[in-house]
Amino acid sequence: MNVDSTVPNDLTVNYSVTSGSATVNSTLPVPAGTDVIMSSGSIVITADASWADIPLTVLPDSQSEGTEAFSVQITSVSYGVIAQATAT
């Protein structure tokens with residue numbers, strides 16, 4: 001996740017995950033047909049940084065499928081304004 005410029009203080013970003021055409025799961029063992037391992041949560045963009053990674057694991061797929069997608073929605077931030085809340 002990126003912000004427009006470096007942040008002066010640690011910024012906590014809360015997010016949720018929604019399956020689209022890709023099947024997203026956070027339980028172990030991973031059910032058959034799961035495309036992405038990821039769960040809702042939070043990340044911290046540290047002071048003087050402008051980005052942080054949202055953790056996810058894309059699983060290999062033996063099925064012949066088209067392009068698959070899922071969405072991540074920023075639900076809240078510890079300060080500032082959310083310019084774009086959802087990315088697919």
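Buried, in these notes, means under 20% relative accessible area, exposed means over 50%, and partly exposed lies in between (1.4 Å probe, protein chains only).

I'm working on a predicted model, where local features need pLDDT of at least 70 and side-chain atom pairs count only at pLDDT 80 or more, while totals for chains, interfaces and linings use all residues. Residues are numbered from 1 along each chain as its sequence is written, and side-chain values use heavy atoms, with hydrogens and water left out.

**Leu11**

I looked up Leu11 and found it buried, at a relative accessible area of 5%. Leu11 belongs to strand E1, residues 11–19 (strands are DSSP runs of E, at least two residues, numbered from the N terminus). What does Leu11 touch, once neighbours within four places in sequence are set aside? I got Val3, Ile43, Val44, Ile45, Val77, Ser78 and Tyr79, with contact meaning heavy atoms within 4.5 Å. I also checked Leu11 against Ser71: they sit 60 residues apart along the chain, and their C-alpha atoms are separated by 21 Å.

**The sheet**

Next I traced the pairing (DSSP has to find at least two bridges between two strands). E1 runs antiparallel to E6, residues 70–77, over seven bridges. Along it, I noted Tyr15 bridged to Ile74 and Asn14 opposite Ser76. E6 also pairs antiparallel with E7, residues 86–87, over two bridges, and there Val72 has Ala87 as its bridge partner.

Which order do the four strands take? I read E4-E1-E6-E7, an open sheet with antiparallel pairing. E4 (41–45) and E7 are at the edges with a single partner strand each, so one side of each has no neighbour in the sheet.
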